[in-house]
Amino acid sequence: MRTYLSKTPIRALAFTVIFAMVAGLLPAIPQEASAATASLQAPRTAGDGTVTWDCVWFGHYPQSSDGNGGYKNEKVKWRILSINGDEALLLADKNLDCKRYHETYTNVTWENSTIRSWLNNGFINKAFTARERDAIKRKTIRNSNNPEYGTKGGNDTADKVFLLSIEEAAKPAYGFPSEYSVYSKTRRAVNTEYAKSQGAWTSTSAEYKGGGGWWLRSPGSHSGLAAEVSYFGSVYHYGFLVGSDYYAVRPALSLDLKSSLWSPAGMVSSEGKVEEIGDDQGSKGNLAAAKPKKVTLSKVKSAKRGTLKLTWKRDKKATGYQAIVATDKKFKKSKKSAFIPKNKTVTKTFTKLKQKKTYFAKVRAYKKIGKTKVYGAYSKVKKGKVK
């Protein structure tokens, strides 16, 4: 008697075997990048308006004087304007060079400007190795019209290195005020010694010492002008002549954070506070090794009116903890957050909460490497009803 087997399960089994064989040949995906990425944050704005940006080291460029008429080829520090998964939008911390927007005084858009060509040929090859260039994402750059005067921005472009637009320089999510005319510290940038040597105008006043204006890619009030950020921090959307030779270049790019070629550089704030770490302190290998374990949140209980006490298990290797409560599972409504800087403290009582209201809670541990906090995963969410 013959037994007939269905072809469907046989094919399924074959595909399963083949997939398993192929999977066994593939290299494991490295986890270091995700650990380092987890320690990076988007810009934060405090109640007094102070903005803090996380920073990374990536690439090299001439910056400070070597004392002999030349310039040191130093690591470039970049501010993180946004993070989207394993991709970060970066803006140079300082003005790195000085170039005309366009070499001739004529009507021009970003697409055909000589500064765009230089950024994606001369600058990128000078500042980055071949491997580093591969870690820079080529992005579709939207070239909108001037929002005040309607001057045509031209065609969209595909660039690895670019300048910010008027809208981006006034985007609160990036740490900038939405008002163009505000003299904002968040938009001010200091010229490097090298940029000065290339002709970048530099303020000598006490309040704006060392600062310089930097080009934006957007057109000004007509196509013979390009917008810029002034040395005192306003967005000048009327623009200056594209052939002007004293405005600085502050490049922007999108970095693949899965690359192993960058490292954390600490933080900077709009008030001038700098917490800098070097490669030896902030390498992704160190961050990956330092990442704390997932915290176990054991109790969420309300003992008194308007209060909620969280209790969790201690992580002996952590520096401290962050506890968060909110009235919704997405932690967006009535959110409260607290940092517990002592490793042995495993409770946090939140006060002045809404009575008779259910709150959701979670906790995570962190460890400090230099000035950088490396966070572990959040605990499972627990809920408790406030008395």
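Gly70 is buried, with a relative accessible area of 18%, where buried means under 20% relative accessible area, exposed over 50%, and partly exposed in between (1.4 Å probe, protein chains only). The structure is a predicted model, in which local features need pLDDT of at least 70, side-chain atom pairs count only at pLDDT 80 or more, and totals for chains, interfaces and linings use all residues. Residues are numbered from 1 along each chain as its sequence is written, and side-chain values use heavy atoms, with hydrogens and water left out.

Gly70 sits in the loop between strand 2 and strand 3 (71–84). Helices (H or I, at least four residues) and strands (E, at least two) are DSSP runs, numbered from the N terminus. When neighbours within four places in sequence are left aside, Gly70 is in contact with Ser64 and Ser65, contact meaning heavy atoms within 4.5 Å. The C-alpha atom of Gly70 is also 9.8 Å from that of Ser197, a residue 127 places away along the chain.

The protein chain as a whole contains 7 helices and 24 strands. Of its 387 residues, 48% count as buried. Among contacts between residues at least 6 apart in sequence, 63% join residues at least 24 apart. The average pLDDT (the predictor's confidence in each residue, from 0 to 100) is 88 for the protein chain, and 86% of the residues score at least 70. Over residues 1–35, however, the pLDDT is below 50, and this stretch has 10 contacts in the model beyond near neighbours in sequence.

The interior may be considered next. In soluble globular proteins, nonpolar side chains tend to be buried together. A nonpolar core is here a set of buried Ala, Val, Leu, Ile, Met, Phe, Trp, Tyr and Cys residues joined through side-chain atoms within 4.5 Å. The largest such core has 58 residues, of which Trp78, Phe123, Phe128 and Leu216 touch the most other members. Strand 2 (residues 51–65) gives the most to this core, contributing 7 residues. Apart from this core lies another, of 19 residues, including Leu308, Leu353, Val363 and Ala365.

What does Phe128 contact, leaving aside its neighbours within four places in sequence? Its partners are Phe58, Gly59, Trp78, Phe123, Arg133, Ile136 and Leu253. One of these, Phe123, is also among the buried residues of helix 3, together with Ile115, Arg116, Trp118, Leu119, Ile124 and Ala127. Helix 3 (residues 114–127) has a kink of about 30° centred on Asn120; the bend at a residue is the angle between axes fitted to the seven residues ending there and the seven starting there.

A search of the whole structure finds 0 disulfides, a disulfide being a pair of cysteine sulfur atoms within 2.5 Å.

Charged pairs come next. The whole structure holds 11 salt bridges, each defined as a side-chain nitrogen of Lys or Arg within 4 Å of a carboxyl oxygen of Asp or Glu. Arg100 and Glu103 form one of them, with their closest N and O atoms 3.8 Å apart. Arg100 is partly exposed, with a relative accessible area of 25%, and Glu103 is partly exposed at 47%. Asp245 is linked with Arg100 and Glu103 in a network of salt bridges.

A further salt bridge joins the side chains of Arg142 and Asp156 (2.8 Å, N to O). Arg142 and Asp156 both lie in the loop between strand 7 (139–141) and strand 8 (157–159), 14 residues apart. Arg142 is exposed, with a relative accessible area of 53%, whereas Asp156 is partly exposed at 38%.

Lys196 forms a salt bridge with Glu193, the closest N and O atoms being 3.1 Å apart. Why are Lys196 and Glu193 separated by about one helical turn? They are so placed because they are 3 residues apart in helix 5 (residues 193–197). Lys196 is partly exposed at 31% relative accessibility, and Glu193 is partly exposed at 37%.

Ser334, in the loop between strand 19 (320–326) and strand 20 (336–340), has a positive phi of about 50°. Ser334 is partly exposed, with a relative accessible area of 32%. Lys356 has a positive phi near 65° and lies in the loop between strand 21 (347–350) and strand 22 (358–369). Lys356 is exposed, with a relative accessible area of 64%.
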